[in-house]
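Work through the exercises below with the structure open. Each task is followed by a solution in steps.

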Amino acid sequence: MPSLTHRQLYLQRLGYDSPPAPTLQTLQELQLRHVCTFAFESLSTLLHQPVPVDLPSIEQKVLLDGRGGYCFELNHLFLTLLQELGFDARGLTGWVVMGGPPDVRTGRTHRLSLVTLDGVRYITDVGFGGMVPSSPLQLDTDATQPTAHEPYRLTFNEGTYTLWAQVGEEWRGLYVFDLQPQADIDYEIGNWYVSTHPASPFVGQLKAALLAPGKRHTLNGAHYAMHCLDRPSEKRAIESADELATLLQATFGIRLPTHPTLRDALEQLVRA
């Protein structure tokens with residue numbers, strides 16, 4: 001075990017020598033630093049491995065093993081940190097609608113968090129892959145909200161909120177959520193579906209994302225893209241398992257797991 005506690009190690013990775021005060025500025029800084037430090041990645045589901053979402057397992061994977069994770073891991077870790085720092089925060093779940101009609105109800109397969117500061121409610125999310133918002137968003141307004149990357153907005157209809165991102169001139173619906181309190185079993189059920197169900201877009205698939213100032217790095221299978229705010233996106237197909245492994249390590253900052261079928265899985269992605 002390291003001499004630092006997990007919270008100290010987590011804060012250190014985010015650039016803090018001591019716990020910051022629970023303010024809006026801190027929340028903004030924490031969210032941006034998190035999405036630029038810890039990769040969204042699905043190596044576990046690519047390899048058909050279990051994805052435990054209890055806190056000790058997530059801390060081991062992300063803080064000690066050099067991995068990233070997806071929403072049920074990253075947003076659990078982040079929410080716990082916020083609560084330990086004194087934020088009034090709790091978890092939520094939502095329905096992903098990205099790529100489809102915003103009024104379709106899928107399963108509750110996304111986890112995010114609600115934070116209340118001085119009576120104002122915000123959502124914070126560090127686990128939505130390539131379109132993760134890089135700043136917290138005020139809940140009770142439909143105004144366009146700037147972030148450290150693209151503009152976002154929230155709309156409200158019959159008890160549910162829809163998160164939209166502006167990509168170029170187009171507004172894209174990302175996910176729908178409500179404020180219903182969630183228990184641990186709710187996250188377990190959503191995570192079980194995402195990590196094991198044959199219809200899940202994660203099972204046997206590789207997805208990764210990491211932000212940088214003014215940029216978004218994304219990987220879908222063997223297709224890599226770097227999206228920039230000030231110039232056209234750069235896209236390319238990865239041509240070998242070695243190149244894919246190097247990209248995951250050098251660009252996304254992921255320490256690859258030792259697994260007997262990892263290379264075969266990467267080769268299959270490249271050949272697909």
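**Exercise 1. Burial and overall form**

Determine what share of the chain's residues counts as buried, and how its radius of gyration compares with that of a compact globule.

Step 1. Apply the burial cut-off: buried means under 20% relative accessible area, exposed over 50%, and partly exposed in between, with a 1.4 Å probe and protein chains only. Of the 272 residues, 51% count as buried. This is a predicted model, in which local features need pLDDT of at least 70, side-chain atom pairs count only at pLDDT 80 or more, and totals for chains, interfaces and linings use all residues. Residues are numbered from 1 along each chain as its sequence is written, and side-chain values use heavy atoms, with hydrogens and water left out.

Step 2. Take the radius of gyration over C-alpha atoms; the globule rule is 2.2 Å times the number of residues to the power 0.38. For 272 residues a compact globule would have a value near 19 Å, and the chain has 18 Å, so the two agree.

Step 3. Count contacts, meaning heavy atoms within 4.5 Å. Among contacts with a separation of 6 or more, 55% are between residues 24 or more positions apart.

**Exercise 2. The setting of Tyr187**

Locate Tyr187 and list what it touches beyond four places in sequence.

Step 1. Helices (H or I, at least four residues) and strands (E, at least two) are DSSP runs, numbered from the N terminus. The chain has eight helices and twelve strands, and Tyr187 lies in helix 6, residues 184-196.

Step 2. Tyr187 has a relative accessible area of 6% and is therefore buried.

Step 3. Leaving out residues up to four places away, Tyr187 touches Phe72, Gly91, Leu92, Thr93, Arg111 and Gln182.

Step 4. For Arg236, 49 residues from Tyr187 along the chain, the C-alpha separation is 35 Å.

**Exercise 3. The setting of Gln182**

Is Gln182 buried or exposed, and which polar contacts does its side chain make?

Step 1. Gln182 sits in the loop between strand 8 (170-177) and helix 6. Its relative accessibility is 16%, so Gln182 counts as buried.

Step 2. A polar contact is a pair of N or O atoms within 3.5 Å; within protein, one must be able to donate a hydrogen and the other to accept it, and residues adjacent in sequence count only if both atoms are side-chain atoms. The side chains of Gln182 and Thr93 form such a contact at 3.0 Å. A polar atom of the Gln182 side chain also lies 3.0 Å from the backbone oxygen of Gln180.

Step 3. With residues up to four places away left out, Gln182 touches Gly91, Leu92, Thr93, Arg108 and Tyr187.
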